[in-house]
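Here are my notes for a colleague opening this entry for the first time. Please read them with the structure on screen.

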Amino acid sequence: MTDIRQITELAEHPERFTEEQMTELLQDEENLKLYITVSETMMAMEAQAAKRAPKPKRRMMWAVAASVAAVAVMGALWTWHAVPEDLAVKELQAKVDETPNTHELAGDSIQENNQSTEATAIDSRQQEVMPQTANHIEDIVEEEDIDIESILQLQRERTESMLAMCEAEAILAEYYASQIASMEEPVLPAVSACMGDADLQQENIMTLIMQ
Amino acid sequence: MTINETDIEGLYQRLRGKMTRLASLLLKDDAAAEDVVGDVFLSILSAKPENRNMEGFLLTAVRNRCISIIRSRQRSNVTRLDEAMPVACEAGSEEARLLRIERFISERLTEQTRRVISLRFKEKRKYAEIASELGISEAAVYKHLAQGLEKLRKEFNP
């Protein structure tokens, strides 16, 4: 005679049974099948409950990502605010405009993955975080009596370096383009493949040219 | 409190026999049962889980591994391709089986039986609590549970 109460109790709290009690219950083939059924039903129900539970880790990951993006945006805004007109700001701004920013990249990625809920969460989180970050920076400047002039000077120097770097990269890009144009056709798909990975792009193209 | 290696050694000495017995009853294979118990202890040596009820945790881990092996054997009998099946595929099959059980409960059982099973196994309620929640007697709760489990057994463990 199958005792469902005992079988469910054994599946849920095996520690309450001695080895002998367990053996007595499970050596019966019908009880064993029921025990497996109860165990699998419990697993299915627990899996269902876990699927419906909120996912704090994932939410936290998005919040951290949004905060980092917001801080990066604030840093960029701070830089542009501090750069004087005579450092060809417009030229540099045009270069930056051509480059997709973190927010756009995140947006593209989200669209690709059909994660509209997360996109909304990022937007609202950014709206929350950005004003807080700006206020926080202002507070630090006031409280710590930071020398704004020296920061501006550092920003000017940094911007000059960035401009010089952009010019050098433009020259290098022209050089690569001319080298690629002179390559034989079978090499081109390999170069295209390299272009897909931004981090490896420069290194791989250099390797191909050297070959 | 995190479990340390001395605790694990003590648990092994104390529970090895009971765990092996459970695995042996499920698998009907003493050598495979020893392997399962060894695997469970190896996994807790690396993961060092925090659990106040380690005996319950270890016995449940043994049971789950054994059920996984039983399903794997059944698939092997059907396809003869099981040994070549990648681990991800195995995990996917187990997940698919749990989904089928979940679907069977929601589509093939009566409303009341479904609620009793959900309250008992998902929310871990006691018989008296389920009876009070649904406004029925404890005997009726038992009857619904027995009927539901019998249908599940016939479908999934004939």
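This is a predicted model: local features need pLDDT of at least 70, side-chain atom pairs count only at pLDDT 80 or more; totals for chains, interfaces and linings use all residues.

1. Start with B:Gly38. This glycine counts as partly exposed, because its relative accessibility is 31%, and the band for that label runs between 20% and 50%. B:Gly38 sits in helix α2 of chain B.

2. Next, the fold of chain B. The chain has seven helices and zero strands. Read from the N terminus, the order is α-α-α-α-α-α-α. Chain B holds 158 residues, and 41% of them are buried. Now take the contacts in chain B with a separation of 6 or more. Of these, 56% come from residues 24 or more positions apart.

3. Two lysines in chain B deserve a check of the backbone. Phi of B:Lys28 is near 55 degrees, which is positive although the residue is not glycine. B:Lys28 belongs to the loop between α1 and α2 of chain B. With a relative accessible area of 54%, B:Lys28 is exposed. For B:Lys124, phi is again a positive value near 55 degrees, in a residue other than glycine. B:Lys124 is placed in the loop between α5 and α6 of chain B. Is B:Lys124 exposed or partly exposed? Its relative accessible area is 39%, so B:Lys124 is partly exposed.

4. Chain A is also built without strands: the count is 10 helices and zero strands. The order from the N terminus is α-α-α-α-α-α-α-α-α-α. Of the 211 residues in chain A, 27% are buried. Contacts in chain A between residues at least 6 apart in sequence join residues at least 24 apart in 63% of cases. The accessible surface of chain A is about 14200 Å², and carbon and sulfur atoms account for 56% of that.

5. Now the interface. The size of an interface is often stated as the accessible area lost when the parts come together. Here chain B and chain A bury about 3600 Å² between them, and 63% of this lies on carbon and sulfur atoms. In chain B, the residues that lose the most area to chain A are B:Arg63, B:Phe121 and B:Lys122. Together these three give 17% of what the side of chain B buries.

6. The interface has polar links as well. The rule finds six salt bridges between chain B and chain A. There are also 14 residue pairs in polar contact across the interface, both partners at pLDDT 80 or more.

7. Is A:Glu40 buried or exposed? A:Glu40 is buried, because its relative accessible area is 3%, and the cut-off for buried is under 20%. A:Glu40 forms a salt bridge with B:Arg71, where the closest N and O atoms are 2.8 Å apart. The side chain of A:Glu40 also makes a polar contact with the side chain of B:Arg97, at 2.8 Å. Leaving aside residues up to four places away in sequence, A:Glu40 touches B:Ile67, B:Arg71, B:Arg97, B:Leu98, B:Ile101 and B:Asn157.

Conventions: Residues are numbered from 1 along each chain as its sequence is written. Chains are lettered from A and ligands numbered from 1 in the order in which they are written. Side-chain values use heavy atoms; hydrogens and water are left out. Buried means under 20% relative accessible area, exposed over 50%, partly exposed in between (1.4 Å probe, protein chains only). A polar contact is a pair of N or O atoms within 3.5 Å; within protein, one must be able to donate a hydrogen and the other to accept it, and residues adjacent in sequence count only if both atoms are side-chain atoms. Contact means heavy atoms within 4.5 Å. Buried area is the accessible area (1.4 Å probe) that two parts lose on being put together, summed over both. A salt bridge is a side-chain nitrogen of Lys or Arg within 4 Å of a carboxyl oxygen of Asp or Glu. Helices (H or I, at least four residues) and strands (E, at least two) are DSSP runs, numbered from the N terminus. Accessible areas come from the Shrake-Rupley method with a 1.4 Å probe; for residues, only the protein chains shown count as cover.
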